[in-house]
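Student: Can we walk through this one together? I'd like to begin with the charged pairs.

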Amino acid sequence: GSIGPFVLPQAVAESEREEKTSMAVRVLVIYFKLARMAKHFLSDPSTFQLKHSDSHYTHVLSKEETTELGRLFALHFDVGLQSLLNRVGIITTDIEAHALVEAIVESVDSEFVELKKAADGKIALPDEVFFQWYTNHLCDFDDKKECAHFLFSLFDSDDSGDITVLEFKQQVEKMAIGISHEEAHQLLQTLDKDGNGVLSEDEFEKL
């Protein structure tokens, strides 16, 4: 609520929490897409192919969307691909990670991009390549059920069929998705519709 031009602190906090949650969900979806891509690649590198796009990301995304994606990339994904995949439980060798980065670069028609190393010393996706890959694979997000199941399994580390507060906080921290322990706790309480203190897969899907 508000009084004249002054917005009440509670409303501001709620708005900020919703914005952070929205960002966290986008980050989780990107992790899912990266993980699924890596699994396909590792299962059979010789036949691995990524979808190409006829449209450059600058023709698909608005300036505001590109700016937001740049901020998201800098905050969450500007590290080596191995480090990113490790956050979702996929272990790759240096050679595998390098080959996957090269396959991504080739798929976005950027074969002349100079590959760079991130702060962790591992090969990283250049931001322009990430933007194009994102445009090719995330603008039409039609696999929400598969995404929710993959992420639920990731958070449910003991395979109990429920996500506890501790599991939720630990995975949020491991994936560096930008929400604090307190915010993670509040989010879990919001999603926990039956109030039993844990999240079922159906409740998690609502995220």
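Tutor: Arg-71 is partly exposed, at 41% relative accessibility (buried is under 20% relative accessible area, exposed over 50%, partly exposed in between, with a 1.4 Å probe and protein chains only). This is a predicted model: local features need pLDDT of at least 70, side-chain atom pairs count only at pLDDT 80 or more, and totals for chains, interfaces and linings use all residues. Residues are numbered from 1 along each chain as its sequence is written, and side-chain values use heavy atoms, with hydrogens and water left out.

Student: Which side chain meets Arg-71 in a salt bridge?

Tutor: Glu-68, at 3.3 Å, N to O. A salt bridge here is a side-chain nitrogen of Lys or Arg within 4 Å of a carboxyl oxygen of Asp or Glu. Both residues lie in helix H3, three residues apart, about one turn of the helix. Helices are DSSP runs (H or I, at least four residues; strands are E, at least two), numbered from the N terminus.

Student: What else does Glu-68 form a salt bridge with?

Tutor: Arg-26, with the closest N and O atoms 3.9 Å apart. That pair links distant parts of the chain: Arg-26 is in helix H1, Glu-68 in helix H3, 42 residues apart. Shared partners join Arg-26, Glu-68 and Arg-71 into one network.

Student: How many salt bridges in total?

Tutor: Four. One of them is Arg-36 with Glu-146, at 3.0 Å, N to O. Arg-36 lies in helix H1 and Glu-146 in helix H7, so this pair ties together parts 110 residues apart in sequence.

Student: Switching to the inside. Which residues touch the most other members of the largest nonpolar core?

Tutor: Phe-77, Trp-133 and Phe-168, in a core of 58 residues. Such a core is a set of buried Ala, Val, Leu, Ile, Met, Phe, Trp, Tyr and Cys residues joined through side-chain atoms within 4.5 Å. H1 gives the largest share, 13 residues.

Student: And what does Phe-168 touch?

Tutor: Leaving out residues up to four places away in sequence, its contacts (heavy atoms within 4.5 Å) include Phe-155, Leu-188 and Phe-204.

Student: Is Phe-204 buried or exposed?

Tutor: Buried, with a relative accessible area of 4%. Phe-204 sits in helix H10, residues 201–205. Beyond its neighbours within four places in sequence, its contacts include Ala-148, Leu-151 and Phe-152.

Student: How far apart are Phe-204 and Leu-188?

Tutor: 16 residues in sequence, and 8.7 Å in space, C-alpha to C-alpha.
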